[in-house]
Amino acid sequence: MTVREKFENDLKRVQGLMLDLCHMSIHALEKSVEALFNQDIDAALLLIDQDRFINRLEEHLNDEVILLIAKQQPVATDLRRLIVMIKAASDMERIGDYAVNIAKETIRLGETKVVYPTEKIAQMRDQAIAMLKNMVQAFIEEDMNKAKEIALLDDQIDALYGEAIVEILNTPTENMKDIGQVAQLSFVCRYLERSADHATNLAELLFYLVKGKHYELNQ
């Protein structure tokens, strides 16, 4: 096996770890909102417990990339590909953190009936998840056009975020004990909005990988 073949085999293995991290983080985000809507405290607790696997996978991926750089001393696109992988792994780990944060809000809500509207939260969830899944596919294909289209969708998430907060704040309640739900649901909206921001980060990383220059896709 030549040095180049060894590098490509090692790279494919690390890319496999990256895909596993993406799928685990996105799945956690989906499950966290599902637990919120179902007010499933057991599911929320399980998500919090399982976050350690996402964290460990990111650490393992970083270690493997650093070892690969040290052993193979790649240059140009090969080096960018590895650096981008470390940065992208950090973005995906943050998605897992947002899933944990949403799970914690679910626990704080407990079994008390949610009296505020959640339709906009569901829309934000659907759009953020779609952006992240499509962005992973764009990375696999190294499709910059698809990445740019995904990044431009971030404005829609921002608009939904604003609408959701206004809707929650403007909803009257007869029981003052329900006021605490305003903060909890507002935080959930914020975590979903931030998740979509990370999809834009990934799009910018793909541009850097392919072009070798930094671009801001959603100013």
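Let's start with Y191, which is buried at a relative accessible area of 16%; buried means under 20%, exposed over 50% and partly exposed in between, with a 1.4 Å probe and protein chains only. Before going on: this is a predicted model, where local features need pLDDT of at least 70, side-chain atom pairs count only at pLDDT 80 or more, and totals for chains, interfaces and linings use all residues. Residues are numbered from 1 along each chain as its sequence is written, and side-chain values use heavy atoms, leaving out hydrogens and water.

So what sits around this tyrosine? The structure holds 3 aromatic pairs. Rings of Phe, Tyr and Trp (its six-membered ring) pair if their centres lie within 6.5 Å; planes under 30 degrees apart are stacked, over 60 edge-to-face, and the rest tilted. Y98 and Y191 are a stacked pair, because their ring centres are 6.1 Å apart and their planes meet at 20°. This pair links distant parts of the chain: Y98 belongs to helix α3 (residues 76-109) and Y191 to helix α7 (residues 180-211), 93 residues apart. Helices here are DSSP runs (H or I, at least four residues), numbered from the N terminus. Y98 is buried too, like Y191.

Which residue of helix α7 lies 4 residues from Y191? That's F187, about one turn of the helix away. With centres 6.2 Å apart and planes at 15°, F187 and Y191 are stacked as well. F187 counts as partly exposed, at 41% relative accessibility.

Put together, ring pairs join Y98, F187 and Y191 into a cluster. Thanks, everyone!

Methods:
Helix = DSSP H or I, 4+ residues; strand = E, 2+ residues; numbered from the N terminus.
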